[in-house]
Amino acid sequence: MLESETPATPVTFPPAFLWGAATSAYQIEGAVREDGRTPSIWDTFSHTPGKTAGGDHGDIAVDHYHRYRDDVALMADLGLTAYRFSISWSRVQPTGRGPAVQRGLDFYRRLVDELLAHGIKPAVTLYHWDLPQELEDAGGWPERDTAYRFAEYAQIVGEALGDRVEQWITLNEPWCAAFLGYASGVHAPGRTDPAASLKAAHTLNLAHGLGTSALRASMPARNSVALSLNSSVVRPFSQDAADLAAAQKIDDLANGVFHGPILHGAYPQTLFTATELITDWSFVEDGDLALINQPLDALGLNYYTPALVSSADAETSGPRADGHGSSAHSPWPGADDVTFHQTPGERTEMGWTIDPTGLHDLIMRYTREAPGLPLYITENGAAYDDKPDPDGRVHDPERVAYLQGHLAAVRRAIADGADVRGYYLWSLLDNFEWAYGYEKRFGAVYVDYATLERTPKSSALWYGQAARTGTLPEVRSIQ
């Protein structure tokens, strides 16, 4: 933790602050062929040789589908007050169109009821990257019709759960879905078409707008509709004009491409200029921006590490140091003239620099971008090489320090005037970490992948104490 963020007195959070944890369906549920569920793009991708570390997949994952009651009881024991989870689209609507499979919806009804019975507030994410494979076969996110299919799906889930779930998130990290899925190909569906990735970004924006309207039409007015952006904190390597221009380009591709139309009703003109050799953006139809620019009730921010960029140096070679996986294809369309640099400092197992100041900067940016809009940190966490000791306990002091530093940054932002109403630790459980398979452990709860036994790590106990007291415990207080 940065010395400047070490509190001299207990760091107290607002009484109504939500202390949550987050997961996603494909990463934890398993049961991929049960109760009518059909393949998503991640089923297909993870079963394609060479796409994931060790050929790992989510067929069983950590079997949350069958163990959800135990997992909810574990959350309650830790003192969590909120839980953010995602719905498997292909479990609810197997072909991505048509009527729902009630057996799939029933799982989520049971999960919500279990959470509420334990006093835990559910937050539903409708889309966390697991597009039904049949919709990908029909064109996927670059195909405009996918946005309308998403709106139909949103209405189905809103009608089923809207009476008991008040917090809703349309999309999680649409940047990853568009650019890692369709440009660099390191995420499902594994396509490498820069023009398609920009079309996908627009369709995802349209899906958010249409889905927001569908949710509001199908649920009580008291419910909150948001989305979660993994907005990058982009810092220039220097104040030279070329480096500032490089930072602007990446900021447009990481942030402006989504928050421009969603918050402000327009794409940045600089984004059009940067990508004009790739697409003319003619897929943006009249009226689209009005459909996208729906008023939000809140905004979710996901943060892990900042980006440091400069204008490309002719002598620079080697892999892109952008932290988004290894690929010969860039997830940054039109930005081949930008170099990413490793930021200095300690790193997590993902190779991501630990920098809580970036989280503070991100919160304050969106406090300015969308004044009056409540904010939630919907993901923040770290992967470490956690192992049980001879007594079966799992000590992870690095993660405890990470959480303390980042939560102190959140509290500092609140003191600076930001309306941050909750924090969702990523992740509740060790799980399938996408293309990294089961190699990277983000969980506050350790999972033995052979037995699926759950063991709270030191960080889970520390975080639970924070949730119960509304203050940040000393690191040494958890043994």
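The exercises below, each with a worked solution, concern a predicted model.

**Exercise 1**

Locate T125, decide whether T125 is buried or exposed, and list the residues it touches beyond four places in sequence.

Solution. Begin with the secondary structure: T125 sits in strand β3, which covers residues 121–127. Next take the accessibility. The relative value for T125 is 1%, and the cut-off for buried is under 20%. T125 therefore counts as buried. Finally, leave out residues up to four places away in sequence; the contacts of T125 are then R84, F85, S86, I87, I169, L171 and N172.

**Exercise 2**

Determine how many residues of helix α8 are buried, and which elements these buried residues pack against.

Solution. Helix α8 spans residues 174–182, and nine of its nine residues are buried. Among them are P174, W175, F179 and Y182. Now look at the surroundings. The buried residues of α8 pack against strands β3, β4 (167–172) and β5 (224–229). They also pack against helices α6 (133–137), α9 (194–218) and α10 (241–264).

**Exercise 3**

**Exercise 4**

Carry out the analysis for R365 and D251: what is the distance between their closest N and O atoms, and which helices hold them?

Solution. R365 and D251 form a salt bridge in which the closest N and O atoms are 2.6 Å apart. R365 lies in helix α13 (residues 356–369) and D251 in helix α10, so the bridge ties together parts 114 residues apart in sequence. Both R365 and D251 are buried.

**Exercise 5**

Describe the salt bridge of K457 and D386, and name the network of salt bridges that includes them.

Solution. The side chains of K457 and D386 meet at 2.6 Å, N to O. K457 is in the loop between β13 (454–456) and α15 (458–469), and D386 in the loop between β10 (375–380) and α14 (397–415), 71 residues apart. K457 is buried at 0% relative accessible area, and D386 is buried at 5%. The network links D386, D396, R399, D430, R441 and K457. The count of salt bridges in the model comes to 32.

Notes: Residues numbered from 1 in each chain as written. Predicted model: local features only at pLDDT ≥ 70, side-chain atom pairs only at ≥ 80, totals over all residues. Heavy atoms only, no water. Helix = DSSP H or I, 4+ residues; strand = E, 2+ residues; numbered from the N terminus. Buried < 20%, exposed > 50% of the residue type's maximum accessible area, 1.4 Å probe, protein only. Contact = heavy atoms within 4.5 Å. Salt bridge = Lys/Arg side-chain N within 4 Å of Asp/Glu carboxyl O.
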